[in-house]
Amino acid sequence: MSKRFNFNGAILLWIAPIAFLGLFFFYPLLAVFRVAGEIAITEGFSVDLLERVWKPLGFTVYQAGLSTLITLLIGLPAAYLFARYEFVGKKALRVLILLPFILPTVVVAASFNALLGPRGWINIFLMSILGLESPPMQLLQSLPAIILAHVFYNTTIIIRVVGSAWEQLNPRWEEAASVLGAPPGRVWWEITRPLIQPSILAASLLVFLFDFTSFGVILMLGGPGLATLEVEIYIQALQMLNLPLAGLLSAVQLICTLILMSGYSFFTRQSTLGLIPRLFGEGVRRPHRWKEIVYSWMIVGFLVVLFVTPLAALGFRSITKLDANRGERGEIQAGLTLDYYQELFINRRQSLFYVPPLAAVRNSLIYAGLTAVISLSLGVLTAYALRRSGKISRVIDAFLMLPLGTSAVTLGLGYILVFNRPPIDVRTFPLLVPVAHSLVAFPFVLRTVLPALLSIPGSLRQAAAVMGASPLRVWWEVDRPLLTKAALVGAIFSFTISLGEFGATTFLSRPEFPTMPVAIFRFLAQPGALNYGQAMAMATLLLVICGVSIYLVDKMDR
Amino acid sequence: MLELDQVWKAYLGKPLLRGISLKVEVGKTACLLGPSGSGKSTLLRIIAGLEIPERGKVLWKGQDLSGIPVHQREFGLMFQDYALFPHRSVYENVAFGLRMQNLPKETIRERALEALNMVNLAGFASRKVTDLSGGEQQRVALARALAPRPRLLMLDEPLGALDRTLRESLLEELRKLLRKTGITAIYVTHDQEEAFFIADQLFLLHDGLVIQQGSPVSLYDCPINPWAARFLGMSNLVEGCVSSLNPLKVSTPIGELTGKIVGKAARLKEQVVVLLKSDIGDWCNRNGFLNQIYGKVIDVVFREHSYRVKLRFKNGQELTFFTSVVLELGQELWIGLPPESVLVYSAEEDALCERSRSSS
């Protein structure tokens, strides 16, 4: 096979991914930059304009920094526990801490609402024991609520990234240091800390990046004066209809995330240097001194409370009816009910939508299915194209990760700017939702499929060809079966991402085609116990669907 | 002087060390010899304080060390995989222990360089440890362990990861260094040649116990049981039955042998195992030796200073001997062995050894 053939093959394979990314990613993105450039030129960098960028940017950095710091404070001791101790329920806890990874922001926001909100358990509890008629504590719409949700989301990242680096640290380095006379503090400072530092930095940057680009959590748990760049883009674009300013904010946001991402990949590369994997289980022991036992129980207890409480609050709240919610005086009467779930089937006149709420479930599932198909085809094609492209594939690969650094809100804004007339009009073309979701999911799918493809040794294909298989037959007999698992995992991943996607969807979904996250968001924004209950019920449904998806991925991975 | 008193330790619920007691003389090199999995490394880790024994004591000059944490024991330990700090240079690795003693900068520098000199790595101070070859890493690890002048140096299979030629030269160097510094050392290995080469005192570990101790010569002269004999590379074992007590005679398939009993006194008609030591000797001359056996040469291998000859006997058993005499393949001959080369062990003891070996 000549190089020329490979080259041509690569070009053919590239056509679809490049056309798709060009039309649905780079074109809208350029439009965002164009309007940002226009406003910068027409208004100049006036004090007013700078102020309007600086304020949300400042708050974004502030809340992200604070969230990251607190996440680290909780994550590091937990990472140490996972890396160095064997304890009862470690496996279960490992699965539990994975939960936040897959949970859509709306579900998390709804969960914290069920716990801390005016109709949440804490306020209900206080009202009932103190005999109050109105919720005594305003816990939502505050910085602590935002930070709490961010900690909930990102502690896992610290535990996973730092914990695994710590676990892979040869325990004999530390032992050698202490035999050489280093007291425990010095062992940590001179040996452990410098060796796991790159992974701490990488994990912190990743957490900071997620906190920096966090949208749904802040939109739903924050409030007046607590707008980050993302939320400000949303407000300016959809409420103030100030698209140029939204574009400028998007551009600022994009530049920031790109810087953060390159920092992250720099530290990730560093952290893989010099670590020798050790024998399984070496250096891991059961806590036996009382200090270790207290420590391990404290961490385990804290993690369980952190991860289980909000979700349990959500689940129970969705099946609990509170009479006081209906404005009745006197003692709060609580009872179990399925009313909220039944209500989801009914299309009421005063409904927020033109369709029964359950239609949102159907829409979400359809969108998610389409997303899985689009992103998987795109991912597989791109993986093959990358395999064929030789040296430049590394450059292209980095380029392809761009959607990862682009916030969904920015993408949504770009779509509004670009697709505002036939044939593709946001207002009439519901397919833009799965298209946007596919772009969000695409990097993940590629990251799943590409390694699987590259791990197929070329000799297998050659062996099949030598034995008389035609190229198509080679693909069918060799590639296809070996890629099936990765493709399925990628498909479920993108399915789940689509189910929970909120940022781009708020820009693109039409009232008659709500998705589950949009419906939850709208229910929560409305007054009344029934709306609240439906939000809880719908969020619980979404939680269950996502949980099942990830269970399937986990099962396949083994 | 280091002393272990009845040290017990279990690993994954199984007893690994079952009451180890030993004494290491000051300035001597003691060698813990045992098969892999016999708990040698664990014993070192217990002495270093990295593991806590379930029972028993570690004493240094009579002082119980159980309350003293690892970093205050002033012992040196060279790990099997060296455990060089990957983020530090060769010099920084060697200077680490000296820095922990809070010595003045110049002293640290002087002694770190001196230690590097000692292992012939004078020019390597600023190199990265990750760029070194296996043998160089081994020397850095040794220099790092020696630099703080520990009261006791422990070496855990220090040559295990190196290839054969490198091992031989490094072993020679190590032996010289240990003699020169006069440091008290414990050397752990599973290789009996290494152990015989380097040890002043040998401790043979089996099944969580020290089954034999003494000088290399005493161990070689008289292995305490058939297992020890096999482990030390002596494989000429023949089953037999005691036919006479004074002098001790055993009737075996290859003939009647006169020897000496090891362990408790033999009984008449007792089933025994006989070890025929295969030392280089003048055994081709049957005259003058009590034990005369007749066999056929089936294999001759030339070794540096002798021939290793395999003989087959009439019952089909094959035994190996060393000789300086050239023999022909297929040649049949009588050989003679002195009684001190024929060691007799109770068969029960051997069965015990075999059982524990197959269960482990």
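Author: A:Leu13 is buried, because 20 other C-beta atoms lie within 10 Å of its own; a residue counts as buried at 20 or more such atoms, as exposed at 12 or fewer, and as partly exposed in between, with C-beta atoms placed from the backbone. This is a predicted model, in which local features need pLDDT of at least 70 and side-chain atom pairs count only at pLDDT 80 or more, while totals for chains, interfaces and linings use all residues. Residues are numbered from 1 along each chain as its sequence is written, and chains are lettered from A and ligands numbered from 1 in the order in which they are written.

A:Leu13 belongs to helix 1 of chain A, residues 3-43; helices are DSSP runs of H or I with at least four residues, strands are runs of E with at least two, and both are numbered from the N terminus. Leaving aside residues up to four places away in sequence, A:Leu13 touches A:Leu381, A:Tyr384, A:Ala385 and A:Arg388. Contact here requires C-beta atoms, placed from the backbone, within 7 Å.

The contact between chains A and B takes 17 residues from chain A and 19 residues from chain B. On the chain A side, helix 8 (171-179) and helix 9 (184-212) are the elements that give two or more residues. Helix 8 of chain A gives the most, with seven residues.

Key
Contact = placed C-beta atoms within 7 Å.
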